[in-house]
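Welcome, and please open your viewer.

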Amino acid sequence: MPYEPIQEFSLPGETEAPDRWWQAFDDSTLNILVDSALQANLPLKIAWYEFDEARALVKIASSARVPEIFLQLQSGISRPEPDFAGGENTQLGLGTSYEADLWGRIRYSIHAEEYRFRASYYDYKTAAVTLTSEVALAWFRLKANSIQLQLVDEQLETNQQVLALIRNRFASGQVRGVDVLRQQQLVESTRQQRIALEVQRELLENQLSILLGQPPSELAEAAAQLPDLPPLPQTGIPLQLVNRRPDVQSSFYLLQAADREVAAAISNKYPRLTFSLNAALRSNDLVGLFESQAISLGSSLLAPLFYGGRLRAQVDQTEAIRQQQLNEYGQTVLIAFQEIENALMQETKQVQQIEVIAKQVELAEKTFGQLRIEYLNGFTPYLDVLVILNQLQQLRRDLVNARLGLLEIRVDLYRALAGGFETERDNQLEKEMEDL
């Protein structure tokens, strides 16, 4: 491996995360959505049929291990030959050929396809892990959107009540007309925010519908409540992660396939020994077809002498591909470590940010309450009240977004730690893997 692996992650975690990690959020609707997506998502089905294709390629490559047998029937006109009169003649032949795998060229080619088959299996599992994280993120964002809509509605009601109060004070000559205009502007700004949230909701519903393998449609109303954050999952030992993540496994098997391709290319430089057996029935008419028989057994040795450097170049090409895949594997492992460390660091800092924003909301609420009293008593200009009210409402929205961000970071951590999970197709896949 082209680097020294780290020995441990920055945070060990508290509990072991389940393979079906989304169940840790204890959200029954999310569980149903994920199960539906795993059954109907179209890109995941594509990954399944790519695996099917890889399985067929293994069978094609393995067919070179057994002799080829073919039957040939010919009918035509020929000039006179010994033992046969000229004119129409019929020939029925049965032949077989077999290449002795002296240097392992066929064996290495089969092994390469088998490793690509395994890599395709882990590509499917990677696609499943990615899909579950996308469904969870879309669902949590829908929940946050519902909270934001509810919050904006409450803010709109508050702003309208304040506007009615200011209008009454303006009618009695206690405030200036500009105070009414400023509050009206805040009301309209709140309405604009609601429109933006409605658009966002439609987009999220469409995204989630596509993930579920169905046309864009209106989904069930998401509860206006985000789930509690589960305990931090155990990260385990980094080297164990290498053996667990499906994308790392896929890259490893592609490296193994590239290594076997190098061996096959080297073996291609050596002679090939082929055996052939042919039997033929031949006659001037169908009636006498079985009266004349011929059998031949032969072998041939094909030794490459001069190919203009093509065989050497093929070896160099496969070796270059192997080096590419080696570094690709190393990069995949490093990215896996990076994703986990990033998520651990971000979650720690995000928790701190939520605490800071929550404290700001508390202070803003107290400030608004005090300034509102002072304004009603004529001690404070309305602009001060308007500024703190706007800040308070923005902080409340920021707090919802921060809590959503914490859940998104946790989903990223679960995805980075995920080692795959059983789907309905996995039982068949595992059996195919064991048969190799």
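**Inside first: the cavities**

There are 2 cavities of 30 Å³ or more. A cavity here is a set of points on a 1 Å grid over the protein atoms alone where a 1.4 Å probe fits but cannot get out, and its lining residues have an atom within 4 Å of a point. Grid points are joined across faces, edges and corners, and a volume is the space filled by probe spheres set on the points.

This is a predicted model: local features need pLDDT of at least 70, side-chain atom pairs count only at pLDDT 80 or more, and totals for chains, interfaces and linings use all residues. Residues are numbered from 1 along each chain as its sequence is written, and side-chain values use heavy atoms, leaving out hydrogens and water.

Now select V162, L165, I166, F368, R372, Y375, L376, Y382 and V385, the lining of the largest cavity. Two or more of these residues come from each of α3 (105-171), α7 (310-376) and α8 (382-417); helices are DSSP runs (H or I, at least four residues), numbered from the N terminus. The largest share, 4 residues, belongs to α7. The volume of this largest cavity is about 50 Å³.

Next, select E99, W103, R105, P271 and R272, which lie nearest the centre of the second largest cavity, among its 10 lining residues. Its volume is about 40 Å³.

**A last stop**

Finally, find Y270 in the loop between α6 (246-267) and β3 (272-283); strands are DSSP runs too (E, at least two residues).

Definitions and conventions. On a 1 Å grid over the protein atoms alone, a cavity is a set of points where a 1.4 Å probe fits but cannot get out, and a pocket is an open set with protein on both sides within 12 Å along at least five of seven lines; lining residues have an atom within 4 Å of a point.
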